[in-house]
Amino acid sequence: MSSMAMSKSRKVVSYGAQYAVLAIVAIIVLAPMALLVMGGLKTRGEVMTSPYTLPNPPRIENWTEILSKPSFSFWQMMGNSFIVMVATTIGVLIISSMTAFVFSRMAFRGRDVLLNILTLSLLFPLIIAILPVYIVVRQMGLLNNLWGLILPQIAFALAGNIIILRGFFRAIPMELQDAAYVDGCTAVGFFCRVLLPLSRPLLGAVAALVMIASWNELFLP
């Protein structure tokens, strides 16, 4: 009985320590959000002088004015960000999955060289190439256009996601592809009917990463 009691007490202590760590992490994560909400209910002077106190009284008009002011066009900005995010995600999923399929399941001359070049492109983030990107976008007449954001975001998100998808596609047994060919499936049919359904969890993860990166993008816009 004593050993069982000691074992039970150890489990309680272990669970308590785990919950304590989780509570601390939750506080660290939620604290900036709470400060953001409280700051939105204060005047600018109150935010500067007492940023960590509760708003007294809460300035609800700060939010209502932003959400209803026609000249600020908050909802238009939100809609533009949503359109860019969705279009970027769809473009990355389509192009990266097709390219990863070619690199993983098809043999052709120069495949390894092209893959190495694709890998090297990860060394050059958008901030380094912003000047040539701006020049190209201007020459295409896409300044002040949502496509001027969507296309560069797609281009710079392809390399990493192609490498991620290629590794998963290569792990699918070749016997499955041979069986599909025996049943009369073409390469495109195998890709659409077999490979993509098997890759839905990974495609969902890639879509989530692209959506978060596109929504948080500030420098390019």
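At what angle do helix 4 and helix 5 pack, and how far apart are their axes?

1. In this predicted model, helix 4 covers residues 74–105 and helix 5 covers residues 111–120. The two pack at an angle of about 135°, and their axes are 10 Å apart. Helix 4 is therefore oblique to helix 5; the cut-off for roughly antiparallel is over 145 degrees.

2. The crossing of helix 4 and helix 5 is left-handed.

3. On the helix 4 side, the contact is made by Val102, Phe103 and Ser104. Helix 5 meets them with Arg111, Leu114, Leu115 and Leu118. By class, the residues of this contact are 5 nonpolar, 1 polar and 1 charged. Ser104 belongs to helix 4 and counts as polar, while Arg111 belongs to helix 5 and counts as charged.

4. How many disulfides does the structure hold? The number is 0. For Cys185, the closest cysteine sulfur is that of Cys192, at 8.9 Å, which is too far for a bond; a disulfide would need the two sulfur atoms within 2.5 Å. Cys192 is likewise in no disulfide, its nearest cysteine sulfur being that of Cys185.

5. Is Cys185 buried or exposed? Cys185 counts as buried because its relative accessibility is 19%, and the cut-off for buried is under 20%. Cys192 has a relative accessibility of 41% and so counts as partly exposed.

Note on methods:
Residues numbered from 1 in each chain as written. Predicted model: local features only at pLDDT ≥ 70, side-chain atom pairs only at ≥ 80, totals over all residues. Heavy atoms only, no water. Axes fitted to C-alpha atoms, helices over the stretch in contact; angles between N-to-C directions. Helix = DSSP H or I, 4+ residues; strand = E, 2+ residues; numbered from the N terminus. Parallel < 35°, antiparallel > 145°, perpendicular 65-115°, else oblique. Left-handed = near helix turned anticlockwise from the far one by under 90°. Contact = heavy atoms within 4.5 Å. Buried < 20%, exposed > 50% of the residue type's maximum accessible area, 1.4 Å probe, protein only.
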